[in-house]
Structure formats: C-alpha cells, structure tokens
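Please look through the sequence and the model shown here before reading on. The report that follows starts from a single pairing of residues and then widens its view.

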Amino acid sequence: MKAIQYTRIGAEPELVEIPTPEPGPGEVLLQITAAGVCHSDEFVMGLPAEQFGYDLPMTLGHEGAGSVAAVGAGVTDLEIGTNVVVYGPWGCGRCWHCAQGLENYCSRARELGIAPPGLGAPGAIAERSPASDPTSPSSGSATGNLLRASASSPVHTRRMSLRRTGVRAANSSS
Ligand SMILES: [Zn+2]
Ligand SMILES: [Zn+2]
C-alpha cells in the first residue's frame, strides 16, 4: 500500500510502498478516507536527531478517519464498513491525567508502550492503518490507537469548555 513516511531526520516526507498491516488482537484495519496534516507533524519533523524520540521510518498522520476493512481477533462490536475516526491521544484510562480527560498526558503511556498514530505508532496518511478497538478485551496493546464513534473530539471539547466556563447545559446528556 502507499503511505507518506518520514524516513530520515531533516528529510522531506516521502511517498513509499510498504506492506499492508495486519490487525492484531483487539485491533481493526481501517481503509483511510481522510487524514489531516497538523502543525505537530511539522514540529516533529523539525526536531534534531537527539530530540527525536521515535523509530524511523514512521508513517505520519495522527488525525485519521476511515472505514473498517478488517477486524483482528477479539473484535466483536465493529463490522466491516463501519465509519470511524481515530482518537489519537490514547491513554491508560486510569491515571490522574486520563481521569481529567487528558489522555494525551497519560502518565503511564511510556510504561505501557502506548503511542499515538503517526507519533510512534503507524499513522493515517496511508491507504490503510491499524487502530485499537477500545471495547475489545484485548485492546490497549502497543499500537495505542483508540477508535471511537465520530463524536469524540466535539464531545471532549464541549466537556472541557463546560468545565472551564461553569456553564451547565440543559442538554448535557447528549
Ligand atoms: Zn495534531
Ligand atoms: Zn493514563
């Protein structure tokens, strides 16, 4: 399959042909339909070797959406063709940061081998990308991608803004 990879420190990202990943236990393989390019991608590719903390080559893309193309062992709640977005800031779900909804600052991520897609785990600027199914008993593996219904970002943003403003919305259950 085709993917955009960062292959060498300081080099431009490249369009390459790589093997299509297989979904592991608790994972699905997505047919990517959209992938964002973010300021973080530019930032990471601007880091010198001594500050660059990922293995190369690295498939870029931490803002992916797609449809389920294949399911791994233990995934029972997602069918082929289901449209999803990938929630990048995956965490353990149990530490102080995760309890605040700040999974991107999970204090156990390194210990548990959790890395966001495109920032250590295979990214979404590719034809296909693996992602974890958080409802599967075997999820939480090293790929670290959390897969959620397409409302994860707006829900999180709304939750945070309600907390900051102290506004109590009448429809807060939605
Ligand atoms: Zn970003
Ligand atoms: Zn955590």
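## A pairing between two strands

Val 28 stands opposite Ala 131, a residue of strand β7; strands here are DSSP runs of E with at least two residues, helices are runs of H or I with at least four residues, and both are numbered from the N terminus. β3 and β7 run antiparallel and are joined by five bridges, where two strands count as paired if DSSP finds at least two bridges between them.

The model is predicted, so local features need pLDDT of at least 70 and side-chain atom pairs count only at pLDDT 80 or more, whereas totals for chains, interfaces and linings use all residues. Residues are numbered from 1 along each chain as its sequence is written, while chains are lettered from A and ligands numbered from 1 in the order in which they are written.

## An enclosed strand

Strand β7 covers residues 128–132, and because five of its five residues are buried, it is largely enclosed by the rest of the structure. A residue is called buried if 20 or more other C-beta atoms lie within 10 Å of its own, exposed if 12 or fewer do, and partly exposed in between, with C-beta atoms placed from the backbone. In a regular strand the side chains alternate between the two faces of the sheet. From β7, Arg 128, Pro 130 and Ser 132 point one way, and Ser 129 and Ala 131 point the other way.

Beyond its neighbours within four places in sequence, Ala 124 is in contact (C-beta atoms, placed from the backbone, within 7 Å) with residues including Ile 32, Val 86, Pro 117 and Ser 129. Val 84 lies in strand β6 and is buried, with 21 other C-beta atoms within 10 Å.

## The chain and its open sheet

The chain contains four helices and eight strands, and 36% of its 174 residues count as buried.

Three strands form an open sheet in the order β2-β1-β4, with antiparallel pairing; its edge strands, β2 (14–17) and β4 (58–59), each pair on one side only. Two bridges join β1 to β4, and Gln 5 has Thr 59 in β4 as its bridge partner.

Key
Two residues are in contact if their C-beta atoms, placed from the backbone, lie within 7 Å.
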